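Trainee: I've got a model open and I'd like to talk it through with you. Could we go step by step?

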Amino acid sequence: MSAPVLVGYFDSEAQVLDATRAVREAGFVLHDVYTPYAVHGLDDAMGLKPSRLTWVCFGAGLLGCTLALSLQYYTSVVSWPLNVGGKPFNSFPAFIPVSFELTVLFAALTTVAAFLVRAKLFPGSRRPVLPRVTDDRFAIAVAPREVPSELDAAEDLMRRHGAVATDLLEVAS
């Protein structure tokens, strides 16, 4: 299923920030904003909520640490206790390096996987290619309603805020 979006291209980050705020204030549906680098304040201008990806990362790290400590405790104390140099069987300092490594491994791999699933970036997915957006251009994609006057109003709004070009594209929703 595809939907039409109006894409406006801008030359500077100040213009794209101003236009993003204006698009939201005018009541248009903001599909996305594309930039060649991170723009400070764009999240607020787009009205985005804080990401929940940090909680996914924390939960995965906690799971990795818990699994590492549990496995080491089980193997050292319950399954196969060995007397090594008179140390106690549940010697916690010996468990720290493996626990740290598994915490980082679980957190990193799960966060990357969650990001790719959330962004719908999996093999075979097609995304529109916007010219020069990864180089030196900024773009705002607005999903206007099907009414032609809405399309003209959205295009006029972007031109007033510094759009150098506009284009109507069909994107997968």
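Predicted model: local features only at pLDDT ≥ 70, side-chain atom pairs only at ≥ 80, totals over all residues.

Trainee: Which residues of H3 are buried?

Mentor: Buried here means under 20% relative accessible area. In H3, the residues that are buried are Ala60, Gly61, Gly64, Ala68 and Gln72.

Trainee: And what covers the buried residues of H3?

Mentor: Look for whatever has heavy atoms within 4.5 Å of them, as that is what contact means. The cover includes a helix spanning 92-118, namely H4.

Trainee: Take Ser99, then. Is Ser99 buried or exposed?

Mentor: Ser99 sits in helix H4. Leaving aside residues up to four places away in sequence, Ser99 touches Cys65, Ala68, Leu69 and Gln72. Its relative accessibility is 5%, so Ser99 counts as buried.

Trainee: Further along there's a nonpolar surface patch. Which residues make the patch?

Mentor: Start from Phe115, which is in helix H4. Phe115 has a relative accessible area of 43%, so it is partly exposed. The patch covers about 340 Å², and its members are Val112, Phe115, Leu116 and Leu121.

Trainee: Okay, zooming out to domains. How far apart do the C-alpha centres of domain 1 and domain 2 lie?

Mentor: The domain assignment gives domain 1 as 2-36 + 133-172, and domain 2 as 52-119. Between the C-alpha centres of domain 1 and domain 2, the separation is 46 Å.

Trainee: Now the charges. How many salt bridges are there?

Mentor: Side chains of opposite charge can pair when their charged atoms come close. The cut-off for a salt bridge is a Lys or Arg side-chain nitrogen within 4 Å of a carboxyl oxygen of Asp or Glu. By that rule, the count is four.

Trainee: Which residue meets Arg137 in a salt bridge?

Mentor: Arg137 is in the loop between H4 and strand S3 (138-143), and its partner is in the loop between strand S1 (2-10) and helix H1 (13-25), so look 126 residues away for this link between distant parts of the chain. The N to O distance is 3.3 Å, and the partner is Asp11.

Trainee: What is the N to O distance for Asp136 and Arg132?

Mentor: Asp136 is partly exposed, with a relative accessible area of 34%. Arg132 is partly exposed as well, at 42%. Their side chains meet in a salt bridge, with an N to O distance of 2.9 Å.

Trainee: In which helix do Asp156 and Arg160 lie?

Mentor: Their side chains meet in a salt bridge at 3.9 Å, N to O. Asp156 is partly exposed, with a relative accessible area of 41%, while Arg160 counts as exposed at 56%. The two are four residues apart, about one turn of their helix, and that helix is H5.

Trainee: Which residues does Glu150 touch, not counting those up to four places away in sequence?

Mentor: Glu150 is found in helix H5, residues 148-160, and counts as partly exposed at 24% relative accessibility. Its C-alpha atom is separated by 29 Å from that of His40, 110 residues apart along the chain. With those sequence neighbours left out, Glu150 touches Phe28, Pro144 and Arg145.

Trainee: Last one: how far apart in space are Glu25 and Ala45?

Mentor: Glu25 lies in helix H1 and counts as exposed, at 69% relative accessibility. Glu25 and Ala45 are 20 residues apart in sequence, and from C-alpha to C-alpha the distance is 10.0 Å.

Technical notes. Residues numbered from 1 in each chain as written. Heavy atoms only, no water. Buried < 20%, exposed > 50% of the residue type's maximum accessible area, 1.4 Å probe, protein only. Domains from an automatic or database assignment. Patch = residues over 30% accessible without salt bridge, like charges linked within 9 Å, V, L, I, M, F, W, Y side chains within 5 Å. Areas by Shrake-Rupley, 256 points an atom, 1.4 Å probe, with all protein chains shown as cover.
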